[in-house]
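Hi everyone, thanks for coming along. Could you all bring up the sequence and the model on your screens? I'll walk you through a few spots.

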Amino acid sequence: MATALESLMDQRAHAFATAEHGAFIDGAEIAPSEKTFSTVDPATGEVITTVAESEDRVVDQAVQSAAKAFEGEWGSMLPADRETALHRFANLVEENAAELAQYDALEGGKPIAQVEGVDLPLAVEQFRYYAGWPTKIQGATVPVSTPNAHVYTRRMPLGVVAAITPWNFPLCQAAIKLAPALAAGNSVVLKPSELTSLSSLRLAQLAVEAGLPAGTVNVVTGSGAGTGQALISHPLVNKISFTGSEATGRHLGAEAGRSLKHISLELGGKNPNIIFADADVAKAAAYAATTAYFYSGQVCFSGSRLMVERSVVDEVVEAVKEHASALVLGHGLERASTMGPLASAHHREKVERYLNTVEGTGGTVAFGGSRLDRAGFFLQPTAVIGSADSDPVVADEIFGPVLAIQPFDSLEELIPRANSGKYGLSAGVWTNDVRKAHNVAQQLRAGTVWVNTYADYNAAAPFGGTKSSGLGKDCGPDGLDKFLESQTVWMSLA
Ligand code: ADP
């Protein structure tokens, strides 16, 4: 397989991907520690390389290095110089996009064209957008009703940030956390998912090349329960920025409560994508299929629950099925692939357990549902129809290529049903009636509502969920705010 991988990657990326890796601390990768784990190509099931399981001692070293950068050169850098460094960082990510894309395509099983076309531009955009902020972070003078007082606030960084990312958008998620955290003046210890370490390790090298002082960006590789747990419990970490599962998010929230750390959580979603009969149904159905199967549905804002006005259900199901059958399942690094495998064997089994509940609860598998007859963790694009709102396949985040389709009959019935789930990340509304569009958008309990479009994302537009989907927003000024705190200065004029 090594030879096959060689033919799918450029030489430099192949050499980096197949080398053994350790944590990245104080400006360089350290030798792998005694404990390591193997990373696996999800499209073949073959081992790629071994990566260090960073133990407590290594995590401590990384946090100390970040604290030193924060107290030293990085923390005292002038805002304009911080901007210049972040712009250089953005440029380097862009210049090395073709290489970086290969790591996420390989470890995540993501179609390379999609990583290049979506993930990389999105990551660059995060660095560019937040690079402009350091010279614009302002406090205020406060009109207190106290005689002879001059009061002002300063906006200050929090210190060492623990950034914990999932495997579905390794580079993007790293950028979404690093860019605002650094723009605010914090230093960072990044822990990528154990499935996808490569792009984060390479990103840390680029940070140094961009002129960010050693220790400003560190990466600890390893498992959640080992390395991740050591990181979030470290006393010098003052902020946890997490994207991942609801269960882990709740655990981290409890830990942050115990040790009084700042925390922001971007968790799951089961996102109602609603098609009314008066919409451009062909366009809506095409988008519905794209969002359901993009990256095999392993996306928190995937339109995984499709609610369709009954008169157009058959038309929509047929169109979604047609789109699904045109998908080319294959290795992420093969350019022809438009859908890859699931990220791990374990994850595919979890998705299949959901599929096994469908028929027993009154639903039907409309199409798909099977593995492919080949190595790797592939699962066909799948749709289920007829399941009730409370059935696991409709209520839970499956995080796989499984679209739950549900008919509805009226607006009155629709809203409480669409809001019935525990998540509130995002939703889609398709209608040509502008009043209905605003009406529904305002009644949906979702952090983002897309009208006659789906999954648009931009560094300037806040994104984040309500209910069990999380706390705090990424992107825009909100995304920066969560990496800052205020100091109030009172001065007597008497
Ligand atoms: P997923 O099931 O999508 O992998 P997780 O929430 O388990 O979602 O993982 C998201 C990230 O959180 C990963 O980097 C994982 O290693 C990390 N993680 C999991 N458990 C912990 C923990 N106890 N402490 C810190 N990080 C954790």
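Let's start with helix H5, residues 97-108; helices here are DSSP runs of H or I with at least four residues, strands are E runs of at least two, and both are numbered from the N terminus. H5 has 12 residues and spans 16 Å from first C-alpha to last, close to the 16 Å expected at 1.5 Å a residue, where the expected span is 1.5 Å times one less than the number of residues. This is a predicted model, with local features needing pLDDT of at least 70, side-chain atom pairs counting only at pLDDT 80 or more, and totals for chains, interfaces and linings using all residues. Residues are numbered from 1 along each chain as its sequence is written, and side-chain values use heavy atoms, leaving out hydrogens and water.

Is H5 enclosed or open? Of its 12 residues, 11 are buried, so H5 is largely enclosed by the rest of the structure; buried means under 20% relative accessible area, with a 1.4 Å probe and protein chains only. Among the buried ones are Glu99, Gln102, Tyr103 and Asp104. Just after H5, Gly109 has a positive phi of about 70°.

A ligand oxygen sits 2.8 Å from a polar backbone atom of Thr165, and one is 2.9 Å from a side-chain N or O atom of Lys191. The protein buries 81% of the 550 Å² that the ligand exposes when taken alone, with areas from the Shrake-Rupley method and a 1.4 Å probe.

Finally, Thr448 lies in strand E19, residues 448-451. Thr448 counts as buried because its relative accessibility is 13%.

How values were computed. Buried < 20%, exposed > 50% of the residue type's maximum accessible area, 1.4 Å probe, protein only. Polar contact = N/O pair within 3.5 Å; in protein donor to acceptor, adjacent residues only side chain to side chain.
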